[in-house]
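Hello,

Here is the structure I promised to pass on to you. Have a look at it first, and then read my notes below.

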Amino acid sequence: MISAYTGTAVRRAEAPLLAEGRGAELMQRAAYGLHAAAASALKTRRGRLYGARLVVLAGSGNNGGDALYAAARLAARGVAAEAVLTAPTAHPEALAAFRTQGGTVRELTEVNAAECAAACLAADAVLDGVLGTGGSGGLRSPVRALAEELNAARERGAGPLVIACDLPSGVDADTGRMPGTCLHADMTVTFGAVKTGLLAGPGAVAAGSIHCIDIGLGDYLGTPDAYRLQEAELARILPVPDRADHKYSRGVLGIAAGSSAYPGAALMATGAALATGVGMVRYLGPEGVARLINLAHPEAVCSTGTVNGTHVQAWLAGPGAGDDEEQRRRAVDAMASGLPAVIDADAVAAAGPGLHPAVVLTPHAGELTALLRSMGEEVSRTDIEGDPVRFARLAAQRTGATVLLKGWATLAAAPTGELYSQAEATPWLATAGSGDTLSGILGALLATDRTPADRRGPGHYARLAAAAASLHGRAGSLAAAAGPVAPSRLDPQIRSLVAEFTAHPGPGIQVSSKSGVEK
Ligand SMILES: NC(=O)C1=CN([C@@H]2O[C@H](COP(=O)(O)OP(=O)(O)OC[C@H]3O[C@@H](n4cnc5c(N)ncnc54)[C@H](OP(=O)(O)O)[C@@H]3O)[C@@H](O)[C@H]2O)[C@@H](O)CC1
Ligand SMILES: [K+]
């Protein structure tokens with residue numbers, strides 16, 4: 001699992017080390033890691049490091065110092081390095097080290113901005129050391145225009161490899177907000193700890209791939225601000241039946257989804273739940289939809305019953321409910337049932353204060369806007385897309401439910417503040433039906449959750465929601481290898497990922513060469 005910290009927390013962790021006079025040592029560790037990551041990326045891009053052309057954009061602070069020291073190391077290995085100073089001053093020792101290794105230097109002004117931009121565009125790589133954790137607001141002129149040119153080149157699929165030093169300049173390290181212009185990166189080499197701002201919102205898009213360099217802050221960092229689950233956690237969370245299990249003990253998921261207007265949502269949610277692995281799906285909804293479900297998934301048990309009269313371990317309600325009053329009623333009852341419940345799509349609008357963390361609301365930014373407005377918050381969709389960490393946490397805190405806010409980086413926020421961010425998804429998953437499959441996966445994880453009640457910590461349901469987002473994103477990425485993703489056809493990828501993550505050798509036979517027993 002990746003633990004992330006706010007930029008503010010990382011600066012707090014650095015403070016005692018700086019007070020001990022170890023700032024230069026930390027900077028050398030950061031610069032060494034940055035240079036090694038840049039060297040490896042340059043070798044991959046052009047075959048060899050020697051003769052590569054590098055421009056380092058260096059601001060006035062320690063972020064510029066890191067980048068200049070890293071560029072000095074690269075220059076010592078045969079890279080032709082030029083520094084463009086984006087402020088009237090630069091870290092003096094780092095600048096001297098850079099010059100000693102033969103690096104050339106010029107200061108960016110309004111007058112030479114076009115020449116500096118041309119130098120960046122002609123380079124193999126640009127090291128972005130304009131702003132780090134000490135920055136605030138978007139990039140200022142004249143570096144703003146240069147960043148805009150580089151960003152435009154990236155949009156065209158041209159331009160240099162951009163490597164951000166600690167974080168893309170212009171991104172808020174605490175939140176991932178981008179208050180103005182930011183320089184987008186292909187990769188970000190971050191120091192001490194992954195910053196929350198690299199995992200969420202516009203910052204997650206701008207960061208590219210993330211490489212974290214340990215500079216020895218471990219003991220000083222405290223409690224993480226956010227997490228990202230990786231394979232090991234998925235393997236622990238995904239349900240695996242054991243020999244004593246039967247269909248009821250494995251977990252029954254009740255699905256109240258679909259309507260005569262939108263039957264497909266119920267089919268996709270049911271298919272994804274079955275592919276993730278449940279003991280049984282009990283479907284509640286119109287007979288016409290039930291018939292379709294039974295054709296596609298004969299194992300689902302269908303009825304037109306009520307939530308309160310149906311025995312399940314967890315509910316999934318909302319996808320494709322449309323104007324169907326009975327499905328809306330079931331969604332409200334599922335939220336009130338006291339059981340874990342995924343509440344998706346139109347049903348999110350029926351949520352409000354007084355829920356519990358086992359209710360997982362799964363809005364996209366538009367649905368979250370409506371929900372927050374219904375609770376009196378003055379907020380727009382743009383506000384939410386610009387600062388999803390803040391609004392996912394706010395919605396969780398206001399409703400008492402867990403909130404899974406879908407986006408490029410999908411966030412899972414617990415009402416007590418725990419936050420997960422998963423970014424495995426492919427842009428091909430931005431298509432109708434994607435949310436229905438995600439809700440099916442999450443419903444299955446809620447229904448099959450075997451964590452004893454006394455070990456379900458405050459962020460427990462956010463963790464399950466993050467696992468669902470991760471599995472869904474990975475399945476979509478696998479499917480995208482063969483072309484545009486159809487959510488109704490994701491079941492094979494979900495199944496194969498579950499099989500891969502949960503593979504275990506079984507009871508096995510003890511092998512001992514001394515006794516002559518062989519496998
Ligand atoms: N501390 C350590 O030991 C270690 C720190 N490390 C590294 O240091 C980085 C933090 O360094 P830092 O604190 O010097 O701040 P940094 O981000 O370089 O910039 C601040 C300068 O930028 C300016 N500025 C602000 N906003 C601006 C804007 N929008 N547009 C333009 N300018 C703006 C602001 O000037 P002012 O606003 O005051 O005019 C100020 O002078 C951190 O990210 C990591 O890379 C690592 O080496 C590990 C050891
Ligand atoms: K930077």
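Of the 519 residues in the protein chain, 54% are buried (20 or more other C-beta atoms within 10 Å of the residue's own, with C-beta atoms placed from the backbone). Please keep in mind that this is a predicted model, where local features need pLDDT of at least 70, side-chain atom pairs count only at pLDDT 80 or more, and totals for chains, interfaces and linings use all residues. Residues are numbered from 1 along each chain as its sequence is written, while chains are lettered from A and ligands numbered from 1 in the order in which they are written.

On the overall build, the chain holds 18 helices and 19 strands (DSSP runs numbered from the N terminus: H or I of at least four residues for helices, E of at least two for strands). The C-alpha trace spans about 75 × 75 × 45 Å along its principal axes.

One helix pair is worth a visit. Helix 10 (residues 263-276) packs against helix 16 (residues 434-447) at an angle of about 40°, and their axes lie 7 Å apart (lines fitted to C-alpha atoms over the stretch in contact, with angles from 0 to 180 degrees between N-to-C directions). Among the residues making the contact are M268 and G271 of helix 10 and G440 and I441 of helix 16 (C-beta atoms, placed from the backbone, within 7 Å).

Of the chain's contacts with a separation of 6 or more, 71% join residues 24 or more positions apart.

Best wishes

Terms used
Two residues are in contact if their C-beta atoms, placed from the backbone, lie within 7 Å. A residue is buried if 20 or more other C-beta atoms lie within 10 Å of its own, exposed if 12 or fewer, and partly exposed in between; C-beta atoms are placed from the backbone.
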